Amino acid sequence: MSPEACLEAYEATSREHDLDGVLELLDPEAIYWFSNGTCHVGKDEVAAAIRANFEAIEAEDYRIVDP
């Protein structure tokens, strides 16, 4: 999968709050930095953080703009 296709798939699965779909796209050693300053290392921590965001923000219009 090309980087562009991966980013498009990430955006689509995130928009749908499809956690399994998002996780399929991530490396097991992924690192996520959130705008609140938190850092999550590894797929399990990242999954927990994304799940919490999906539960907290039910009606969002997730987009990736100008990567």
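Q: Which residues line the largest pocket?
A: This is a predicted model, where local features need pLDDT of at least 70, side-chain atom pairs count only at pLDDT 80 or more, and totals for chains, interfaces and linings use all residues. Residues are numbered from 1 along each chain as its sequence is written, and side-chain values use heavy atoms, with hydrogens and water left out. On a 1 Å grid over the protein atoms alone, a pocket is an open set of points where a 1.4 Å probe fits, with protein on both sides within 12 Å along at least five of seven lines; lining residues have an atom within 4 Å of a point. The lining of the largest pocket is Tyr10, Ser14, Val22, Tyr32, Phe34, Ile50, Asn53, Phe54, Ile57, Glu60 and Tyr62.

Q: How much space lies in the largest pocket?
A: Grid points are joined across faces, edges and corners, and the volume is the space filled by probe spheres set on the points. For the largest pocket this gives about 220 Å³.

Q: Which element gives the most to the lining of the largest pocket?
A: Helices are DSSP runs of H or I, at least four residues, numbered from the N terminus. Two elements give two or more residues to this lining: α1 (3–15) and α3 (43–56). The top contributor, with three residues, is α3.

Q: What is the angle between the planes of Tyr10 and Tyr62?
A: Aromatic rings of Phe, Tyr and Trp (its six-membered ring) pair if their centres lie within 6.5 Å; planes under 30 degrees apart are stacked, over 60 edge-to-face, the rest tilted. Tyr10 in helix α1 and Tyr62 in the segment after α3 are 52 residues apart. Their centres lie 6.3 Å apart, and the pair is edge-to-face, at 70 degrees.

Q: Why is the pair of Tyr32 and Phe34 tilted?
A: The ring centres of Tyr32 and Phe34 are 5.9 Å apart. The pair counts as tilted because its planes stand at 55 degrees.

Q: Is Tyr10 buried or exposed?
A: Buried means under 20% relative accessible area, exposed over 50%, partly exposed in between (1.4 Å probe, protein chains only). Tyr62 has 24% and is partly exposed. Tyr10 has 17%, so Tyr10 is buried.

Q: How many disulfides does the count come to?
A: A disulfide is a pair of cysteine sulfur atoms within 2.5 Å. The sulfur of Cys6 has its closest cysteine sulfur in Cys39, 19 Å away, so the two are too far apart for a bond. The count of disulfides is zero.
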